[in-house]
Amino acid sequence: MVLNIKNSAKVTVQVLGLSIATFLLFAIAMGIFGKFGETLITLNPIFSGFFHVGIEHILYNLLLVFLFTLPAVNSQYNIRKLFWITFLLSCAYLPISLLGLTQNAVGISGTCYFLMSRFFFSNQVSLIKRILLHSLLGFLLLGECINMMKPVSDGVAHGVHFMGIAMGLISIYIPHHLPKKIQDIIS
């Protein structure tokens with residue numbers, strides 16, 4: 001357990017470091033390109049997953065990264081794997097953003113939902129806990145659906161949360177059907 005706490009703390013600090021570096025890159029891009037600098041960061045799949053729109057946003061995501069890299073099912077996730085998962089989610093969500101159907105996906109929230117769904121659907125918890133966790137995930141999904149249907153945007157790209165959950169479920173139930181490189185990243 002101590003090893004898991006050290007790994008979770010290490011990964012969380014590394015995510016914070018990448019987020020700070022991305023914010024500095026954002027400041028430089030804004031200084032050079034003005035408003036277009038924001039677009040360069042928020043639509044770029046390499047950076048968008050580590051760019052956060054406020055202290056509350058980053059603290060919430062860091063807490064989730066720490067908590068959900070603790071369980072054994074997610075303890076093998078290091079910063080490299082989290083980067084690639086975040087990158088894949090950002091790439092998958094990019095066409096939706098470019099079409100203007102929703103907000104740009106920024107932050108590591110989709111990856112947090114990926115880690116949550118892996119834990120919630122793993123066989124590492126008892127049946128009763130699993131039922132409770134599935135109910136919690138259903139409640140979170142209901143909240144995402146309600147927020148997506150609001151006529152006024154709340155500034156959150158809720159669709160990337162769904163994608164994170166779907167990718168987490170895929171990594172639990174059907175990783176052997178995926179190409180080897182993707183298997184190495186998500187499982």
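The radius of gyration is taken here over C-alpha atoms, and the globule rule is 2.2 Å times the number of residues to the power 0.38.

**View 1. Overall fold of the predicted model.** With 187 residues, a compact globule would have a radius of gyration near 16 Å, and the 17 Å of the protein agrees with that. The C-alpha trace spans about 55 × 40 × 35 Å along its principal axes. The protein has eight helices and zero strands, where helices (H or I, at least four residues) and strands (E, at least two) are DSSP runs numbered from the N terminus. Buried residues make up 40% of the 187 residues; buried means under 20% relative accessible area, exposed over 50%, and partly exposed in between (1.4 Å probe, protein chains only). Among contacts (heavy atoms within 4.5 Å) with a separation of 6 or more, 72% are accounted for by residues 24 or more positions apart. This is a predicted model, in which local features need pLDDT of at least 70 and side-chain atom pairs count only at pLDDT 80 or more, while totals for chains, interfaces and linings use all residues. Residues are numbered from 1 along each chain as its sequence is written, and side-chain values use heavy atoms, with hydrogens and water left out.

View 2. The 14 residues of helix 3 (residues 55-68) should span 20 Å at 1.5 Å a residue, and the end C-alpha atoms are 20 Å apart, which agrees; the expected span is 1.5 Å times one less than the number of residues. In this helix H57, I58, N61, L62, L64, V65 and F68 are buried. These residues cover an arc of only 165 degrees around the axis, which puts them on the same side of helix 3, the arc being that of the directions from the helix axis to the C-beta atoms. The face turned away from this buried side carries the exposed residues I55, E56 and L59.

**View 3. Aromatic ring pairs.** Rings of Phe, Tyr and Trp (its six-membered ring) pair if their centres lie within 6.5 Å, with planes under 30 degrees apart counted as stacked, over 60 as edge-to-face and the rest as tilted. By this rule the count comes to 11 aromatic pairs. The rings of Y77 and F114 have centres 5.7 Å apart and planes at 85 degrees, so the pair is edge-to-face. This pair links distant parts of the chain, with Y77 in the loop between helix 3 and helix 4 (79-98) and F114 in helix 5 (residues 109-120), 37 residues apart. Both Y77 and F114 are buried.
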